[in-house]
Amino acid sequence: MRVAWKIGDMDTERLATTFVELADSLVDDYDVIDLLHLLTERCVELLQVNAAGIVLGDPRGRLHLAASSNEQIRLLELFELQTDEGPCHDCYVEGRPISAERLSAGSHRWPRFAAAAGAAGYETVHALPLRWRDNTIGALNLFWAQPADVLDDDLRVAQALADVSTIAILQERVSSSRETLATQLQSALNSRIVIEQAKGVLAERDGIDMGTAFDRLRRTARSSNRRLADLAADVVEGRDDPGHSPSSGDPS
Amino acid sequence: MLPTGWPEQLLTAGGTVTARVARLCELCVSSLDVSGASVQLIAAGPHRMTVHATDRTTDQLDDLQVELGEGPGVDVARSAAPSLEDDLNDSGAIRWPWFSPAAVRLGAGAAYGWPVQVGATSLGVLGFYRRRSGTLSNADRSDAVAVADAAAIVLLDAPEIGSPDALAWVIADESRCRAEVHQATGMLTIQLHVDALDAFARLCAAAYADGRSIAELSHDIVTRRIRLDA
């Protein structure tokens, strides 16, 4: 039996609600893994697929399963297998949608994947790229138990869901690198403060000017191979005493 | 209310980080029902770095909060939540018994603070004051949240995220870092035999008692015109 599904059959209200739901969760703090799980579940409901999963490439280009609509072992193995071969692998490498039908009949392209998919009861598989400009960061994988005629309109909906996943992932990556930068900014500021304080400590204690105090700090940090800010913190807390050690060679 | 299209104008316009933060603060004063605005970075302990303040009163109010350890900016740094006080004469006097009367003497009737946040990191404070006391409209309150978000973007906006150059503006700016304040603090640890936190507290207390700014007193300490152990 061939199942034809098209956008006319789809619950359009449900579709609209899904996009609102996804847009809402993108605004607040969200857990990207939760969101991707939600997406795969919505794919199953809206597109009448039997299973859906999202795989992401790591910096070395290896694919990892990020979310799947169910945790059936045989399904998980199908994702695992696609690290080396399969529609997801090709979709990720080529950056374009890949479809595979009649998997139970075997495939020249992915013999191991086709055999495993057939054994798990899946006949049709689609993989849609998660694209960002010229990069592909992963793929959305859809599985049907029957041979299915997949219409262009339906694929457009699936691609829109894949695009939302892409935005969710990239937004999280950007915000975590911004968070790193925020931390660096604050630690730069704190370093500056403690270095100024250490200059004041040396200036007052040894009756030298701020410039001389800074030179002494820098020289000590360099000769002892320490970060200036770490040395400065030790000076301020009275744990270190640059300039009092005879080896510092300070003229004053 | 802020004019439409302000985020695009602000975020696409060039200029240094400090110049863009300055424009953001000026925009608040011209479009919202506030008299002054500032953006400060939160550093360790009581320390702040003012990126921009629109006027002298705003600067003095920010200083006052550091000196007294009270006020909307102090609350924001502690809780990462907005701190809003519509009436410094009335409810504010109970909330911040030291800060409120001192702020009123400087001509403030209301004071507000919003967190400038990046993920879980509280990066800074967006502060407003208004000469007149009274409610800040809901529209202005939501604009303030958007401005705080924009400030976070501008503060971290660098050609290459994570590059050391992105932070150069913080470390290089002598006056904004208030280098003399921290130098004076270091000197006071020796003069008073106390740790840096206590030394800074003594510096703030002495400035407040003399009715001078922390920066002015620090300058006199660094140039050895004044000693606090005398």
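A residue counts as buried when its relative accessible area is under 20%. That cut-off is needed at the last stop of this tour, which is made through a predicted model.

Begin with the sheet of chain B. Select its five strands; they form an open sheet in the order β2-β1-β5-β4-β3 (chain B), paired in antiparallel fashion. Next, colour β2 (48–53) and β3 (83–85) of chain B: each has a single partner strand and stands at an edge, so one side of each lacks a neighbour in the sheet. Viewed from one strand to the next, the twist averages 20 degrees.

Now select residues 36–42 of chain B, strand β1, together with residues 121–130 of chain B, strand β5. These two strands run antiparallel and are joined by six bridges. Within this pair, display B:Ala37, which stands opposite B:Phe128 in β5(B).

Helix α4 (residues 72–79) of chain B lies across β1, β2, β3, β4 (110–118) and β5 of chain B, and runs at about 30 degrees to β4(B).

Finally, move to helix α11 (residues 214–222) of chain B and select B:Asp220, which is found there. Is B:Asp220 buried or exposed? Its relative accessibility is 13%, which is under the 20% cut-off, so B:Asp220 counts as buried. Show its surroundings as well: leaving aside residues up to four places away in sequence, B:Asp220 touches B:Arg212, B:Arg225 and B:Ile226.

Technical notes. Residues numbered from 1 in each chain as written. Chains lettered and ligands numbered in written order. Predicted model: local features only at pLDDT ≥ 70, side-chain atom pairs only at ≥ 80, totals over all residues. Heavy atoms only, no water. Pairing = 2+ DSSP bridges. Helix = DSSP H or I, 4+ residues; strand = E, 2+ residues; numbered from the N terminus. Axes fitted to C-alpha atoms, helices over the stretch in contact; angles between N-to-C directions. Contact = heavy atoms within 4.5 Å. Buried < 20%, exposed > 50% of the residue type's maximum accessible area, 1.4 Å probe, protein only.
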